[in-house]
Amino acid sequence: MTIAVKGAFYLPGDEGYEQARVGRIFNARKPERYPAAILQVVDETDVVAGVRLAAERGWTISVRSGGHSWAAWSVHDDALLLDLGALRSLDYDDATGIVAAGPATMGSLELAPFLTERGRSFPGGHCASVGIGGYLLQGGQGWNGRLKGWACESVVAVDVVTADGDLIRADAQQNTDLYWAARGAGPGFPGVVVRFHLQTYPQPPVMWQDTWTFHLDDAERVVHWLHEVLPSLDRRVEPVLAATRLPDVPLYPGVEHPGGTVLLLHTTCMGQSETEVRALLQGLGECPVAGRELGRVTGPTTLAQESDAQIAQNPDGYRYAVDCAWSDASADVLAPLLLDIWRGLDTEHSFSIWYGWAPVRALPDMAFSVEGNVYVATYLIYQDAAEDERYRARVHEQTAAIARNGGVGVYLGDTDFTRRPDRFLTDENFQRLTEIRAVRDPHRRIASYLVSSPDRLNHHG
Ligand SMILES: Cc1cc2nc3c(=O)[nH]c(=O)nc-3n(C[C@H](O)[C@H](O)[C@H](O)COP(=O)(O)OP(=O)(O)OC[C@H]3O[C@@H](n4cnc5c(N)ncnc54)[C@H](O)[C@@H]3O)c2cc1C
């Protein structure tokens with residue numbers, strides 16, 4: 001007997017298979033991996049049916065929510081790909097401030113406006129169309145992250161279809177092992193999340209931005225400055241230094257863009273009033289190269305405006321080679337390594353960020369467990385397939401240099417373990433996750449991390 005599914009179902013060779021395989025993958029560099037079958041589920045009972053069908057056929061199961069993982073983690077050879085794209089419901093409970101959200105809900109395009117209408121907020125991702133499924137399972141680095149922490153810290157429950165095909169809830173009282181794993185395991189989560197229950201927060205009335213444009217020549221002094229102020233900077237202030245080649249950057253009247261790469265120090269701050277955010281931004285102190293900047297704008301902003309800027313920087317339809325590292329290195333060590341990356345950027349959209357995260361806090365008891373003082377991520381963005389190898393080799397080699405010199409690991413969100421695995425969980429949490437997986441998915445039905453050599457998984461150095 002074959003288990004019936006309701007959604008569109010594709011086998012290799014079927015019309016529509018190729019579109020279903022990679023049509024929703026954000027990165028235009030599509031993987032050469034071929035699922036045994038693809039099911040575009042229509043609801044959670046279809047997920048249950050899909051999981052049982054996979055067991056019947058002896059297929060592993062891979063999962064796609066938003067399709068935004070850079071390395072296309074949802075596409076595995078010989079697996080049943082469960083595409084959850086239709087699961088995008090949003091239900092808000094006024095009494096608790098908890099929103100129940102489908103895993104394919106887009107963080108900035110759907111969740112954020114839904115909450116803004118209700119005067120609420122959530123530490124959603126910076127980029128508009130990222131699905132909350134992959135984002136939350138791996139941690140979730142979003143707006144106000146220095147203050148609110150990882151977005152997964154605001155997950156209060158998950159509804160999960162287990163590897164055996166049962167629909168259960170996991171939270172702080174029941175199925176606590178899965179609740180623990182759902183906050184940081186990423187693709188190693190041993191189940192399929194069909195709904196997230198998220199604690200929302202009152203929306204701060206003011207969101208402010210302060211953006212400086214600097215010459216790349218001033219990079220070392222700017223990096224030293226930020227390393228000095230970061231440890232005592234109020235958590236509501238979020239400084240990101242980005243090397244970018246986009247021409248549309250703040251410039252004073254009469255100042256010409258020098259061409260090539262410039263540095264943008266984009267600091268956002270959420271607070272109760274303009275007076276408050278202005279005072280908080282004073283925590284950045286005196287800019288050591290003040291007077292040499294090419295431009296500066298400061299003033300109110302909104303999540304929607306910030307999201308538009310992210311879309312401009314991360315365009316659809318391009319090929320991406322991406323890597324990241326957490327660094328506890330001093331500015332003396334880190335700045336030259338950053339400059340090596342920043343000077344090498346050579347396409348219009350490629351960019352690389354220094355994201356101030358310190359001081360690190362004690363994290364709650366959850367799978368997510370590796371972070372450092374500074375987050376460095378590089379996005380090489382191009383269009384020609386013939387450039388794949390060159391850009392991939394470059395981004396992973398340059399990031400490996402940061403990892404070797406004061407690096408403490410990676411954030412899953414900007415990794416590609418088929419080229420450069422690194423540590424994303426503490427050894428203790430990795431061991432605990434391995435044990436949970438062995439109990440919850442003893443037959444290894446859920447496809448796990450895509451990694452070049454399994455013995456390198458979660459291995460630093
Ligand atoms: C343009 C862009 C901007 C980004 N900006 C940010 C950012 O600001 N902050 C940040 O933290 N990250 C960011 N990311 C990284 C992004 O959060 C991750 O790539 C994330 O995995 C994407 O989630 P997804 O559901 O869209 O991806 P998918 O590729 O659909 O999912 C990735 C993997 O997660 C697992 N998974 C997903 N959903 C489920 C589920 N429901 N049940 C079980 N397993 C599941 C599966 O293994 C799946 O293959 C960005 C990525 C892009 C492309």
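These legends describe close-up views of one predicted model.

Residues are numbered from 1 along each chain as its sequence is written, and side-chain values use heavy atoms, without hydrogens or water. Local features need pLDDT of at least 70, side-chain atom pairs count only at pLDDT 80 or more, and totals for chains, interfaces and linings use all residues.

**View A. The annotated domain at residues 31-203.** UniProt, in an unreviewed entry, places the feature "domain: FAD-binding PCMH-type" at residues 31-203. UniProt positions are given in the numbering used here, feature names are shortened, and annotations may be inferred rather than shown by experiment. The end C-alpha atoms of this span lie 39 Å apart. Its content is 24% helix and 28% strand. Helices (H or I, at least four residues) and strands (E, at least two) are DSSP runs, numbered from the N terminus.

**View B. The surroundings of the ligand.** The ligand is surrounded by 32 residues, each with a heavy atom within 4 Å of it. V63, S65, G67, H126 and Y411 are the closest. Polar contacts are pairs of N or O atoms within 3.5 Å; within protein, one must be able to donate a hydrogen and the other to accept it, and residues adjacent in sequence count only if both atoms are side-chain atoms. G67 places a backbone N or O atom 2.8 Å from a ligand oxygen. For Y135, a backbone N or O atom lies 3.4 Å from an oxygen atom of the ligand. Q138 uses its side chain: a polar atom there is 2.9 Å from a ligand oxygen.

**View C. F189 and the largest nonpolar core.** A nonpolar core is a set of buried Ala, Val, Leu, Ile, Met, Phe, Trp, Tyr and Cys residues joined through side-chain atoms within 4.5 Å. Buried means under 20% relative accessible area, exposed over 50%, and partly exposed in between (1.4 Å probe, protein chains only). The largest core has 65 residues. L136, F189, F196, L198 and I353 touch the most other members. Contact means heavy atoms within 4.5 Å. Not counting residues up to four places away in sequence, F189 touches L137, V160, L178, A181, A182, R437 and I446. Another core, of 47 residues, lies apart from the largest one; A219, L230, V277 and A331 are among its members.

**View D. D218, a buried acidic side chain.** D218 sits in the loop between strand 12 (206-215) and helix 7 (219-229). D218 counts as buried because its relative accessibility is 3%. Its side chain makes a polar contact of 2.9 Å with the side chain of R292. Leaving aside neighbours within four places in sequence, D218 is in contact with V289 and R292.

View E. Helix 10 covers residues 331-344. Its 14 residues should span 20 Å at 1.5 Å a residue, where the expected span is 1.5 Å times one less than the number of residues. The end C-alpha atoms are 19 Å apart, which agrees. A331, L334, A335, L337, L338, L339, I341 and W342 are the buried residues of the helix. An α-helix has 3.6 residues a turn, so residues three or four places apart point the same way. L337 belongs to helix 10. L337 and I402 are 65 residues apart in sequence, yet 6.5 Å apart from C-alpha to C-alpha. Beyond neighbours within four places in sequence, L337 is in contact with A401, I402 and N405.

**View F. Helix 11 and T399.** Helix 11 is mostly covered, with 13 of its 17 residues buried. T399 counts as buried because its relative accessibility is 2%. A polar side-chain atom of T399 lies 2.6 Å from the backbone oxygen of V395. Not counting residues up to four places away in sequence, T399 touches D323, C324, A325 and R420. G406 follows helix 11, with a positive phi near 95°.

View G. A cis peptide bond joins A358 and P359, with omega about 0°. P359 lies in the loop between strand 17 (351-356) and strand 18 (374-382). N144 has a positive phi near 65° although it is not glycine. Its loop runs between helix 4 (132-138) and helix 5 (145-148). N144 is buried, with a relative accessible area of 8%. N175, also not glycine, has a positive phi near 50°. N175 is in the loop between strand 9 (167-171) and helix 6 (176-181). N175 is partly exposed, with a relative accessible area of 26%.
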